[in-house]
Amino acid sequence: MQGTVDGFSYGAVTPVAAYIMACLGAALGLRCVVRSVYNERSWKPGWLALGAASIGCGIWTMHFIAMIGFRVEESRIHYDVTLTVLSLAVAIVVVGIGVFAVGYRGVSTTTLCTAGGVTGLGVAAMHYLGMAAIQLNGYIEYDIAVVALSVLIAIVAATAALWAAVSISGFLTSLGASLVMGVAVSGMHYTGMAAVGVHLHGRAGGPLTGESPTSMLLPMLIGPVIFLVLAGVVIMFDPLLVLGDGEWNKGRATATRPTRERVAAGGGPRVPAAWRSDRPDRPLPHPDPDTGSLFERPTRREREPGGTAGPRVQEW
């Protein structure tokens with residue numbers, strides 16, 4: 001007997017909440033990868049690991065929030081705890097493989113296709129491993145063609161995510177990429193769920209050994225959600241992660257360095273506030289018309305009697 005499957009038993013609440021978590025994990029992960037790639041002084045393994053864990057937790061959290069809305073009307077549903085935890089580990093590990101590959105080797109076609117394929121297959125494995133954790137009075141059947149489509153979506157989404165992680169540095173562009181990634185991950189999940197059919201046993205089965213969704217999934221979501229919140233706190237207190245390395249340095253350079261056009265036009269340099277406020281009676285430095293450099297105060301040796309006069313040049 002075929003069971004009646006309902007993937008939206010709570011209406012739009014679970015898909016919307018799942019999408020938000022997928023976007024949050026993707027956004028945090030992308031900013032961490034950008035931090036490691038565009039700032040050479042950062043600790044690359046640490047930032048890549050944090051980015052992989054953020055994306056993996058976001059994908060896993062999205063999957064199991066969506067699964068809270070999954071019901072079979074004719075049977076109770078329980079979940080195997082071991083397989084559920086294993087699916088979380090698989091999500092983090094496979095995303096980590098892809099993130100570390102592109103973080104260290106760049107986005108060459110070979111690296112991107114290989115890493116995207118491995119990561120996409122791993123994300124699909126996480127999804128179907130989580131589905132294997134379901135216990136009910138019957139068994140789950142799958143439409144193979146729809147399953148293949150969901151795996152293809154996972155590979156394309158993973159490849160696009162890895163490309164975006166090392167190719168997009170701006171904050172707004174990363175935010176837009178994370179929204180697209182959330183759509184792709186959610187689309188992969190619900191495409192996979194569209195392949196599900198439940199065949200029920202003719203008689204009532206024995207007691208289920210797993211845990212019910214409310215007694216297990218909700219407590220298990222607390223850990224990944226707390227991790228994502230902590231990762232968000234780390235990012236909020238690091239301006240290079242929020243603004244991106246290019247925007248941060250560009251802002252500093254604009255505040256102090258004169259452009260060649262400004263110097264040629266006689267407009268003078270942008271003089272730092274510290275220079276102006278240190279000694280109000282000090283004349284403003286004059287830029288070199290070719291280099292835009294500012295003259296610096298002489299050193300102690302140059303100020304001593306018999307020392308060479310002549311100022312040194314400092315690049316602002």
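How many helices and strands does the protein chain have? The protein chain has 12 helices and eight strands, where helices (H or I, at least four residues) and strands (E, at least two) are DSSP runs numbered from the N terminus. Please keep in mind that this is a predicted model, in which local features need pLDDT of at least 70, side-chain atom pairs count only at pLDDT 80 or more, and totals for chains, interfaces and linings use all residues. Residues are numbered from 1 along each chain as its sequence is written, and side-chain values use heavy atoms, with hydrogens and water left out.

Let us begin with the whole chain. Of its 316 residues, 45% are buried, that is, under 20% relative accessible area with a 1.4 Å probe, counting protein chains only. The chain exposes about 16100 Å², and carbon and sulfur atoms supply 66% of that area; accessible areas come from the Shrake-Rupley method with a 1.4 Å probe. Among contacts (heavy atoms within 4.5 Å) with a separation of 6 or more, 79% join residues 24 or more positions apart.

P224 counts as buried because its relative accessibility is 6%. Beyond its neighbours within four places in sequence, P224 is in contact with C57, W60, T61 and L88. P224 also lies 9.2 Å from A53, C-alpha to C-alpha, although 171 residues separate the two in sequence.

Now look inside. The structure holds two cavities of 30 Å³ or more. On a 1 Å grid over the protein atoms alone, a cavity is a set of points where a 1.4 Å probe fits but cannot get out, and lining residues have an atom within 4 Å of a point. Grid points are joined across faces, edges and corners, and a volume is the space filled by probe spheres set on the points.

The largest cavity has a volume of about 150 Å³. Of its 13 lining residues, I59, V123, A157, A158 and A161 are the closest to its centre. Helices α2 (44-68), α4 (109-132), α5 (144-167) and α6 (171-194) each give two or more residues to this lining, and α5 gives the most, with five. The lining has 12 nonpolar residues, one polar and no charged; Ala, Val, Leu, Ile, Met, Phe, Trp, Tyr, Cys and Pro count as nonpolar, Asp, Glu, Lys and Arg as charged, and the others, Gly among them, as polar.

The second largest cavity has a volume of about 30 Å³. Its lining consists of I59, M62, H63, V123, M126, H127, V185, M188 and H189, with at least two residues from each of α2, α4 and α6. Six of these lining residues are nonpolar, three are polar and none is charged.

Conventions
On a 1 Å grid over the protein atoms alone, a cavity is a set of points where a 1.4 Å probe fits but cannot get out, and a pocket is an open set with protein on both sides within 12 Å along at least five of seven lines; lining residues have an atom within 4 Å of a point. Buried means under 20% relative accessible area, exposed over 50%, partly exposed in between (1.4 Å probe, protein chains only).
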